[in-house]
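Here is a walk through the fold, sheet by sheet and helix by helix. Keep the viewer open while you read.

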Amino acid sequence: MASEASQTMSLKILVEKETNRVVFVEANKDFVDVLFSFLTIPLGTIVRLTHEHSLKGEIGCLNNLYESLEKFNEDLLSSEHKGLLLHPRCATDVYCRNLKVDLVGCDESKYYMCRGSYCRIVSYYLTRCQCGESLTFELDLSDPVPQGGSVFVNPTVRFMVTDDFQVLPLSTTAGLSQLSNFGSLDGSKIEERMLNVGKDEVQKLLKCSLASTTPFSDSILEPPFSKPMPMINHGQYGPRMTNLSQRDADTRNEDEKINLKLIINRSNKRVLYAEVEENFVDLLCSFLSFPIGYIFKEFPYLSFEGCLGNLYKSVQDFDVNKFFKSEEMKAILLNPKLAPGTTYGNKLIRIEKAVNLTRGTLSSLVKNELRSKSLESPLREVKIGGGLVKGPSMFMVTDSLSIAPLSPISCIFLINRLKVPLSDIQELEVNMGEEETLRLLAASLVSRSALTDAFVLKETKQET
């Protein structure tokens, strides 16, 4: 693992003194690689990195979902499956292990192989190679090759990053344009500062970027989270990137749809909770393995409180030949995928899964000949092709995505606590397909009332 000193980056920052705001940051490839890697981090990992802090409402309902799964016992969720969900693998970990600052711990990822020298490598919790053999060897990636001095971007290019995470090519014109937004062309009102940024500072930037449009100012110029963060109420879902007719939405298998029963406060059209089976909980669980960049790909106009959407748009706008190491590196950021072995039984969301790496690919990333050591015993098999949650089971899922085994007593106390008259209770049956699932995914990220926003409130239409 890299030392703390080796994970430090130096930044030059321009500050507007009167408002104590960062105008922009001058950064090299190391820092921009780290920022772009945010788009590939699974939602469950982002929650794990942030949920211990007092930054409320920063990631919709996903904190509640994560905490619910933490409380599940072995009767509902095996320890292996819980590990898959609470510590999801990043599909780009083989590249991100070379980041100057690795928040996720990609350099700790392990890769395994069977006895066949020409088989693909199978990683994570899968325990059988595609040839059917057990995985009996662990590969040694402890001596990585420097990957051209960078991970995603061209190593010779320098960038400027605005306070709201717009990444731009470095130029005087762009700098003056940012200054004019502050009305601070007077040199006496601005100052230059140098800052060393390490793992703690990068983690604070990630946290602030979830709920603030000025994460640099909030995390660098003031004590972290000293300002009240905006409360998230209802999500707005802008136009999807791909038209549903192009996705053959009408051809979805009826067997893949999920049925749930919503208990609604009739007068204000708010969901109190849902009665669901284990397949719906499986679906919610799978959200934690999705890279956050996938949401910005599907919903380019999502009303996200933070500014990670600007980061995604910056990747879109950059010329691949000038600013990225290859077309593959840009595609990895624009179309983030699930890590191998992290797709589940229901296919209501058509997110792609990354392919398992070949021995040749891994060999190219290690200075010496790729070495392997025999495992004391083959890896124990963990089946992840089917459901995660044990069933048949019934659950209660609240509007804010807290999950618990269904209990009529708990439901009655919830209704009483919310002071809803029994005469105002209504049941609504929902048949959930691909479009409803994507709306729920978006709502889970931006709303504190995900079920209401996804299934009851009308979608707010926005022009592209």
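Let's start with strand 6 (residues 159–162) and strand 7, which pair in the antiparallel sense over three bridges. Two strands count as paired here if DSSP finds at least two bridges between them. In this pairing, Val161 stands opposite Val167 in strand 7. As for the names, helices (H or I, at least four residues) and strands (E, at least two) are DSSP runs, numbered from the N terminus.

A word on ground rules: this is a predicted model, where local features need pLDDT of at least 70 and side-chain atom pairs count only at pLDDT 80 or more, while totals for chains, interfaces and linings use all residues. Residues are numbered from 1 along each chain as its sequence is written, and side-chain values use heavy atoms, with hydrogens and water left out.

Axes are lines fitted to C-alpha atoms, for helices over the stretch in contact, and angles run from 0 to 180 degrees between N-to-C directions.

In the loop between strand 1 and strand 2 sits Asn20, which has a positive phi of about 55° although it is not a glycine. Most residues other than glycine have a negative phi. Asn20 is partly exposed, with a relative accessible area of 26%; buried means under 20% relative accessible area, exposed over 50%, and partly exposed in between (1.4 Å probe, protein chains only).

Inside it, strand 10 (residues 270–277) and strand 12 (residues 394–398) pair in the antiparallel sense over five bridges, and Glu275 stands opposite Met396 in strand 12. Contact, by the way, means heavy atoms within 4.5 Å. In the loop between strand 9 (258–265) and strand 10 you'll find Lys269, a residue other than glycine with a positive phi near 55°. Lys269 counts as exposed, at 51% relative accessibility.

## Two helix pairs

Helix 3 (residues 62–71) and helix 4 (residues 79–86) pack at an angle of about 160°, with their axes 10 Å apart. Helix 3 and helix 4 are therefore roughly antiparallel to each other; the cut-offs are under 35 degrees for roughly parallel, over 145 for roughly antiparallel, 65 to 115 for roughly perpendicular, and oblique for the rest. Tyr66, Leu69, Glu70 and Lys71 in helix 3 meet Lys82, Leu85 and Leu86 in helix 4. The residues of that contact divide into four nonpolar, no polar and three charged. Ala, Val, Leu, Ile, Met, Phe, Trp, Tyr, Cys and Pro count as nonpolar, Asp, Glu, Lys and Arg as charged, and the others, Gly among them, as polar.

Helix 11 (residues 308–317) and helix 13 (residues 327–334) pack at about 150°, with their axes 10 Å apart. That makes helix 11 roughly antiparallel to helix 13. Here Tyr312, Val315 and Gln316 in helix 11 meet Lys330, Leu333 and Leu334 in helix 13, and by class the contact has four nonpolar, one polar and one charged residues.

## Covered helices and the whole chain

Helix 2 is mostly covered, with seven of its eight residues buried. Those buried residues pack against helix 3, helix 4, helix 7, helix 9 (278–287), helix 10 (292–298) and helix 16 (434–446). In helix 7 (residues 199–209), the buried residues include Val202, Leu205 and Leu206.

Overall, the chain has 17 helices and 14 strands, and buried residues make up 53% of its 464 residues.
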